[in-house]
Amino acid sequence: MNWRWTELVFLIILCILGLKPSFINGATDPADASALRVLYTSLNSPSQLTQWNANGDDPCGQSWKGVTCSGSRVTEINLSGLGLSGSLGYQLSSLTSLTNLDVSNNNIGGEIVYQLPPNLHRLNLARNNFNKGIPYSVSLMTTLQYLNISHNQLQDPLIDMFGQLTSLSTLDLSFNSLSGNLPQSFSSLSGISTMYLQNNQFTGTIDVLANLPLDNLNVENNHFTGWIPELLKNINLQTNGNSFSSGPAPPPPPGTPPATRRNRNRNSGSNSPSNGGSGEGEKSGISGGGIAGIIISVLVVGAIVAFFLVRRKSKRSSTDIEKLDNQPLQPLKMNAAQETKSEETSSTLFPTTFDTSAAINLKPPPIDRHKSFDEDDFSKRAVVKKASAAPINVKSYSIADLQMATGSFNVENLLGEGSFGRVYRAEFDDGKILAVKKINSSALPRELSEDFTEIVSKVSQLHHPNITELVGYCSEHGQHLLVYEFQKNGSLYDFLHLSDEYNKPLIWNSRVKIALGTARALEYLHEVCSPSLVHRNIKSANILLDAELSPHLSDSGLESFVPNEDQALDHNARSGYTAPEVTMSGQYTLKSDVYSFGVVMLELLTGRKPFDSSRARSEQSLVRWATPQLHDIDALAKMVDPELKGLYPVKSLSRFADVIALCVQTEPEFRPPMSEVVEALVRLVQRANMSKRTFGNENVSSPRADSTGGEDTP
């Protein structure tokens, strides 16, 4: 009997020891399990994915086909060559531990989803049916080493988004229909060794690739022109099927140093200073180009030495600093020219059909390089504790300048007042009219006050046709002010909710135009700026209208000023714009911006305020009242702003409502990225065939109080 009890206890211990590791390994992270269930459903629940289940919650423990785990997290998914169809779903971004995703050699189609796993090392989507372009989310995958999207149906121009992919060693975009010029950010691919671009529709030159550490490059069968850079002729290069120019390349511009740094960490390649030539001068010891290069190099080195001697001398005393106060103007002028060129490039952003090929990187300039001091500031402190690069393209105003222009901030020039401060109309001696935002001290805590010029520098680099342009700033005597361009027709809030005898109602076309322009502004902040900018304060009062009723989003880049205190959140929640998750957690995200934009679209559709306590209780919250009716065409017709008097295309109205429904979903992960919202609105405009009777005079002007501060309305 004792033996039987001993045996029983022993068996129980074995079972416990045997089951415990299995239980631990089998407990898959819930977010990972959910993402795989969505992927399985999006791939049309294929039978070849054995063990996969639309209701399964333990892919790691149940050994789902192609899934590799480490502990409870999914680290690899390899579904190559399984004949899969459908799409990749919308929840892959939850797979934060995934390092390898391979779905190559299948029949998966549609757009490449924006919500890709963020920490991938390898991404292989080759030989499928993906169309359109590469999503901007790829630019955030800083650990990516291998990217293969070859043999698909991609056709859009490449977004200029490769600046942070310094770990990427292999890029294969071959056998697609990608068009446009190669993005400038390709030049930042400092780890690239292999690049396949053949069989596309690329145009322009390949100069941007000249200094990359490439071993293999294939650009065959495109529409490239210009000359093949000399440095690329020493690698495994394939160039057939293009229109490259023959003969010697033109000499580089005067002052250009020899481009030999590409091979600085490599054992192969020539280090000759005469590499910039075409090779025809090899018979003599040093060619004319080589001599010119040596002379230029000597001059450059001399200039650098002189520059550092001046800087060294400038540190000796405050008197010396005052004497050499104008010395840094040389590099400042150079940067201003570069910045002007960047502005000219960015002015071509976002034409009627969305084109992100001219996207720009908006990283703040390096600090403590070209700090400019005014006399008052310098007299107070000879040593600046926290220097910041002053904005180059933005004018610095004095308090006296702005007092004169605003009549000492007279209430008669007050345009609006909100959580950031008051906004005043400012008229200067030259007749120019601008808007001055005087920031409240409560909106700018002491720690942010010290960083004000850095904030201004960041905001001054935002250039987009639908974003209110910063033209100046003032930081004196503890006061902080921002000077913006002036928008003639005030805010969208005014047009929708404060109509008077001077204001004509917005026609349908104008409303669609305002929605599309605002969406493009948000897309720029979310998907073009690097890092992405969350606006946090999207509302109709912050959408300003110019003489042609084109929208300009204000307060962009000022997210640091938006407090997270409970009082502010309560106020925003009552305003009706705030996403549910922000009210709960206090955390603003790109998706909470999308929600707020959806509320603005609802305002445009219905003409109602987001929250209106004067209405019946069931209709006070615009989102709660409108959302259940957005897909009911009869109810939708009753919701439309009466000011439209029925002058709108029914199909256009229905598609507009569909976009709203996507944006104001309760769960943030189901809301689309702004690039998809833009595409949907562009398609709406293209398909609408709007009736002539919906067109009217869009050059509306209101003598009523114009505004440009984008602040809360009283």
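Me: What is leucine 209 in contact with, leaving aside its neighbours within four places in sequence?
Reply: Leu182, Phe186, Met195, Leu197, Leu214, Leu217 and Leu232 are in contact with leucine 209, contact meaning heavy atoms within 4.5 Å. The model is predicted: local features need pLDDT of at least 70, side-chain atom pairs count only at pLDDT 80 or more, and totals for chains, interfaces and linings use all residues. Residues are numbered from 1 along each chain as its sequence is written, and side-chain values use heavy atoms, with hydrogens and water left out.

Me: Which residues touch the most other members of the largest nonpolar core?
Reply: Phe186, Met195 and Leu209 do, in a core of 65 residues. A nonpolar core is a set of buried Ala, Val, Leu, Ile, Met, Phe, Trp, Tyr and Cys residues joined through side-chain atoms within 4.5 Å.

Me: Why is lysine 437 called buried?
Reply: Its relative accessible area is 1%. Buried means under 20%, exposed over 50%, partly exposed in between (1.4 Å probe, protein chains only), so lysine 437 counts as buried.

Me: What makes lysine 437 and aspartate 555 a salt bridge?
Reply: The N to O distance is 3.1 Å. A salt bridge needs a side-chain nitrogen of Lys or Arg within 4 Å of a carboxyl oxygen of Asp or Glu, so the pair qualifies. Aspartate 555 is also buried, at 2%.

Me: Why is lysine 233 called partly exposed?
Reply: Its relative accessible area is 48%, which lies between the two cut-offs. Lysine 233 forms a salt bridge with glutamate 230, with the closest N and O atoms 3.5 Å apart. Glutamate 230, at 28%, is partly exposed as well.
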